[in-house]
Amino acid sequence: MFAAQTVDTLREKMGAINLSKSVLLFFFVVLSAVYRSSSATGVEANQTVSLVVNASEASAKYIPKTLFGVFFEEINHAGAGGLWAELVNNRGFEAGGPNTPSNIAPWSVIGNESSLIISTERSSRFDRNKIALRMDVLCDHEGSNTCPPGGVGIYNPGFWGMNIEQGKTYKLVLYARSLGPINVSVSLTGSTGSTLATANIVDSDVSNWTKIELTLQAKGTDANSRLQLTTTRKGVVWFDQVSLMPTDTYKGHGFRKDLFEMVKNLKPGFIRFPGGCFVEGEWLRNAFRWKETVGPWEERPGHFGDVWHYWTDDGLGHFEFLQLAEDLEAEPIWVFNNGVSHNDEVDTSSIQPFVQEALDGIEFARGDAKSKWGSIRAAMGHPEPFDLKYVAVGNEDCGKKYYLGNYLEFYSAIQHEYPDIKLISNCDGSSRPLDHPAHIYDYHIYSSADNVFAAAQKFDRVSRTGPKAFVSEYAVHGSDAGTGSLLAALAEAGFLIGLEKNCDAVEMASYAPLFVNTNDRTWNPDAIVFDSSQMYGTPSYWMQHFFKESNGATLLNATLQSNPSNSLIASAISWKDTDNKNHLKIKVVNFGSSSVALQLSIQGLEVNSLQSFGSKKIELTSADVMDENSFQVPNKVVPVSSELDDVGEEMDVVLSPHSFTSIDLLINSNNVGLVGPASYVDKSSYYKDIKMY
């Protein structure tokens, strides 16, 4: 009986062990399934969604080479004190306009009224900017009224401090005049008073305006430096057109190299310039007029940008914008004033001078080096024409009293002289057909994150037979954006995917604004934040990197299935790199707060044509959807790349909550949908034949 009881007991124990094994096996299967649908970080997915990509040529559409670009506006000191590397602020002492006394700020006086008197006069050698600064020095190097140690004079702090770096050189140009000999000390001085570089201007005869050029080499670094002009000699000295430029600008073209590279790295297909509202002005007298921004920099009068409330010397002018486009290898899109500002307009019967100004501006860009305006371009160092093929007639002016009448005058004249140029209308043609001829129409959107994300479908049902859209200004704005949040970037990413999927109806798109000097945050948010010495990209800047291979690529059919919350949007493209290798790029925005198990199926490829080596996953996300980058933590929200394992036609990828994910696959095959411009029918000239009004 004892033995029988022992056997029964053993059987019970064995049964319990088998049951435990079954339970363990069950949990192992469940955990394996969970692991399979998890990312490398081990995040458990809350829902499962399928994405089917058809990589065959039959489903493909050509993406214009211009689809994604940049928009530069002189706002937030984007150019003056930013991309344009000039270190002197108000170099001609004319921020108050052509009359005296002028506004010389931020120039300041070194010394007191017993030692010198500073004033402005209309005595410049330059006819278009007559203001010069007069410095009456009352003290001397000896006698009863001795100048203080270091002398008296003036200083310029630049744009919230000049960034002077040890070992670098800086070119100083100024014009001076005096009735007697001069002995002026030029110095770059740090924020603690230390001298970083110095030179003396000694001349016995400057009775006529004299151009003086010096090269200063810095022996120290200070991001908050200033330029000083001082003397200890009694007398009267006049100064005019004082410039200080780093010698290491991009290709010597005057662009601050670090900011230029930030833009260049986006690989923009175009650059729209110079505005924006900057082109219009609050009043026409303060609008950007291109003819006043070309020729020698000393002769440019500058102007007060009354929309964004600051003076520009216009060193960054019409020529420099065209040069910038060429340096970026981007199509230039020139926006010109059409006789309309925010507060006044030119009647269509009087618009011809503005029309001629636009024609002359095109001739400046494209004309032969012997033509009137082309010769001025050639004299500035660019004998070959610039490749200008797009112009925009005004900015946000549709609906104003004289816009349509003025627009038609510009359209007729430009098409007659330059029939290949595409004209961009301010009127939105996405909701109803335009009632006037245009090749492209402009569309702007600034709104909440939800609205911008939802606008991804904006162009789904737009006609494909009329002019195409130019989304020249888009951004999340308001509380959702902060000064550049992840939430804003995700909404914008979803919107851009919508534009990409509608590339047969959308020609171009650009974020706005591009730059902000942190000392002049007139508009938030912006793509690139900087001060005199440093910069960082906001999440919206890094989001745009996900689209830099899209220009000229091939759009593939990508279909999301089982997307109940509509919080996902996806697209797929194929493209070739400079080594002629084929790539498949799949982009997905998860705008929701839950992780998603994405079951990816790629169809239409040759068997085993996807390569694990060189394939990767790139993700833009953060712990908090309102996270931002800053000077202190510039890389808090940036794309993070990781290698992909088990690459194949069927893959499982976990999408983190509030994330933008790119799956970049290297394809060892030519059997992938790649189409070019030849298979794309451009119907944007549809309205050429509409009867002119």
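Tutor: Two strands pair if DSSP finds at least two bridges between them. Helices (H or I, at least four residues) and strands (E, at least two) are DSSP runs, numbered from the N terminus. This is a predicted model: local features need pLDDT of at least 70, side-chain atom pairs count only at pLDDT 80 or more, and totals for chains, interfaces and linings use all residues. Residues are numbered from 1 along each chain as its sequence is written, and side-chain values use heavy atoms, with hydrogens and water left out.

Start with one pair. Strand E25 covers residues 528-530 and is joined to E26 by three bridges. The two run antiparallel. Val529 has Tyr536 in E26 as its bridge partner.

Now the whole sheet. It is open and has three strands, in the order E24-E25-E26. Its pairing is mixed. E24 (515-517) and E26 (535-537) are the edge strands; each has a single partner strand, so one side of each lacks a neighbour in the sheet. From one strand to the next, the twist averages 20 degrees. Axes here are lines fitted to C-alpha atoms, for helices over the stretch in contact, and angles run from 0 to 180 degrees between N-to-C directions.
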